[in-house]
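Hi,

Here is the structure I promised to pass on.

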Amino acid sequence: GAVGGGDAVMGDAASQQAASDARAALVVRQHAQEIMKHLRDTHLPFFLETERFVVEITRSFKPTLEQQLQHIVSSLIDSVSNRDLSASVSPADAERIHTILQDHFVTLEQQLEQEQAKASQATKDAPATATPGAPAASPAAPAAAAAAA
């Protein structure tokens with residue numbers, strides 16, 4: 001009985017520490033926002049360059065779609081390996097797992113669509129390699145020919 005009570009006290013202390021850490025992080029974020037506002041108002045070129053740099057760093061550390069999927073699968077394997085596989089999954093757990101997976105896969109699908117759109121745009125922006133004097137192929141050409149007929 002005494003060990004369980006100690007766990008509750010430790011859990012309470014951990015949650016108080018987490019709340020304290022969250023408050024400290026909020027204060028730091030507010031100060032950072034105030035500093036960035038001041039920089040934007042007083043040194044716009046520096047602010048814009050700093051913002052561009054932050055975006056580049058954020059993009060470079062962003063996990064790939066494969067890494068995100070690997071993390072999801074790894075988390076599921078860890079979750080399953082810690083369970084009694086003969087026990088049934090509660091409806092609440094099943095719903096939670098379904099929601100988490102659905103959210104992750106929607107996010108992965110959106111990211112894939114964005115990457116495909118960027119690749120498509122890059123292809124459109126690339127210089128044409130058509131022969132001189134030959135008309136460029138246009139996706140609208142077949143539709144225009146069909147409409148004229």
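How many helices and strands does the secondary structure of the protein chain come to? Five helices and zero strands, running α-α-α-α-α from the N terminus on. Helices here are DSSP runs of H or I with at least four residues, strands are E runs of at least two, and both are numbered from the N terminus.

Before the details: this is a predicted model, where local features need pLDDT of at least 70 and side-chain atom pairs count only at pLDDT 80 or more, while totals for chains, interfaces and linings use all residues. Residues are numbered from 1 along each chain as its sequence is written, and side-chain values use heavy atoms, leaving out hydrogens and water.

Of the 149 residues in the protein chain, 5% are buried (under 20% relative accessible area; exposed is over 50%, partly exposed in between, with a 1.4 Å probe and protein chains only). F61, in helix α2 (residues 44-61), is exposed, with a relative accessible area of 69%. By contrast, Q68 in helix α3 (residues 65-81) is buried at 18%.

A polar atom of the Q68 side chain also lies 3.3 Å from the backbone oxygen of P63.

As for rings, R40 lies over the face of F47, 5.6 Å from the ring centre (a charge sits over a ring if NZ of Lys or CZ of Arg is within 6 Å of the ring centre and within 35 degrees of the ring normal).

Cheers

Note on methods. Polar contact = N/O pair within 3.5 Å; in protein donor to acceptor, adjacent residues only side chain to side chain.
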